[in-house]
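The sequence and the structure come first.

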Amino acid sequence: PWLVDYGNCKVCGQPLQDLRSDMQYEKEKLANAKDFNLTCEYLDGWQVRYIIVSAKVRNIFGEHQFPFGHFSPVALL
């Protein structure tokens, strides 16, 4: 299961949910995944879908030192 912290925004007071564990997906549900995908879930206060990239994209970005934020692993179940 995912670890989620619940709290409120310090600026506006809106309720927030922060993901504190790795993303987890069943391997068979990723059979049709592309190199760039959006999460099914809405995160960061249920407002944003994260971009998930394949290992191929991560490696290409790393080889070419593409300045693209950070990468977090996705656990395949």
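With a disulfide taken as a pair of cysteine sulfur atoms within 2.5 Å, the count for this predicted model comes to zero. Two cysteines can be described by their surroundings. Cys12 is exposed because its relative accessibility is 52%, and the limit for that class is over 50%. Cys40 is likewise classed as exposed, with a relative accessible area of 61%.

**Confidence**

The protein chain has a mean pLDDT of 80. Of its residues, 91% reach 70 or more. Among the elements of the chain, the lowest mean pLDDT, 72, belongs to strand S2 (residues 15-19). The highest, 90, belongs to S4.

**The largest pocket**

How large is the volume of the largest pocket? The value is about 1000 Å³. The lining is made up of 31 residues, and those closest to the centre of the pocket are Ile51, Ile52, Val53, Ser72 and Val74. Which elements each supply at least two residues of this lining? They are strand S3 (23-25), S4, S5, helix H1 (55-63) and strand S6 (74-76). By class, the lining holds 17 nonpolar, eight polar and six charged residues.

Ser72, one of the residues closest to the pocket centre, sits in the loop between H1 and S6. Its relative accessible area is 53%, so Ser72 counts as exposed. Asp22 is placed in the loop between S2 and S3. With a relative accessible area of 33%, Asp22 is partly exposed, because that value falls between the 20% and 50% limits.

Asp22 and Ser72 are 50 residues apart along the chain, and their C-alpha atoms are separated by 7.2 Å. For Ser72 and Tyr25, which are 47 residues apart along the chain, the C-alpha separation is 14 Å.

**Gln65**

The loop between H1 and S6 also holds Gln65.

Is Thr39 buried or exposed? At 1% relative accessibility, Thr39 counts as buried, because the limit for that class is under 20%. Thr39 lies in the loop between strand S4 (36-38) and strand S5 (51-53). Once neighbours within four places in sequence are set aside, the contacts of Thr39 are Met23, Tyr25, Arg49, Tyr50 and Ile52. Ile52 is also among the residues closest to the centre of the largest pocket.

Asn8 belongs to strand S1 (residues 4-8). Its relative accessibility is 54%, and Asn8 therefore counts as exposed. Not counting residues up to four places away in sequence, Asn8 touches Gly13, Gln14, Pro15 and Leu16.

**Accessibility of the residues discussed**

| Residue | Relative accessible area | Class |
|---|---|---|
| Thr39 | 1% | buried |
| Asp22 | 33% | partly exposed |
| Cys12 | 52% | exposed |
| Ser72 | 53% | exposed |
| Asn8 | 54% | exposed |
| Cys40 | 61% | exposed |

Definitions and conventions:
Residues are numbered from 1 along each chain as its sequence is written. This is a predicted model: local features need pLDDT of at least 70, side-chain atom pairs count only at pLDDT 80 or more; totals for chains, interfaces and linings use all residues. Side-chain values use heavy atoms; hydrogens and water are left out. Helices (H or I, at least four residues) and strands (E, at least two) are DSSP runs, numbered from the N terminus. Buried means under 20% relative accessible area, exposed over 50%, partly exposed in between (1.4 Å probe, protein chains only). Contact means heavy atoms within 4.5 Å. pLDDT is the predictor's confidence in each residue, from 0 to 100. On a 1 Å grid over the protein atoms alone, a cavity is a set of points where a 1.4 Å probe fits but cannot get out, and a pocket is an open set with protein on both sides within 12 Å along at least five of seven lines; lining residues have an atom within 4 Å of a point. Grid points are joined across faces, edges and corners, and a volume is the space filled by probe spheres set on the points. Ala, Val, Leu, Ile, Met, Phe, Trp, Tyr, Cys and Pro count as nonpolar, Asp, Glu, Lys and Arg as charged, and the others, Gly among them, as polar.
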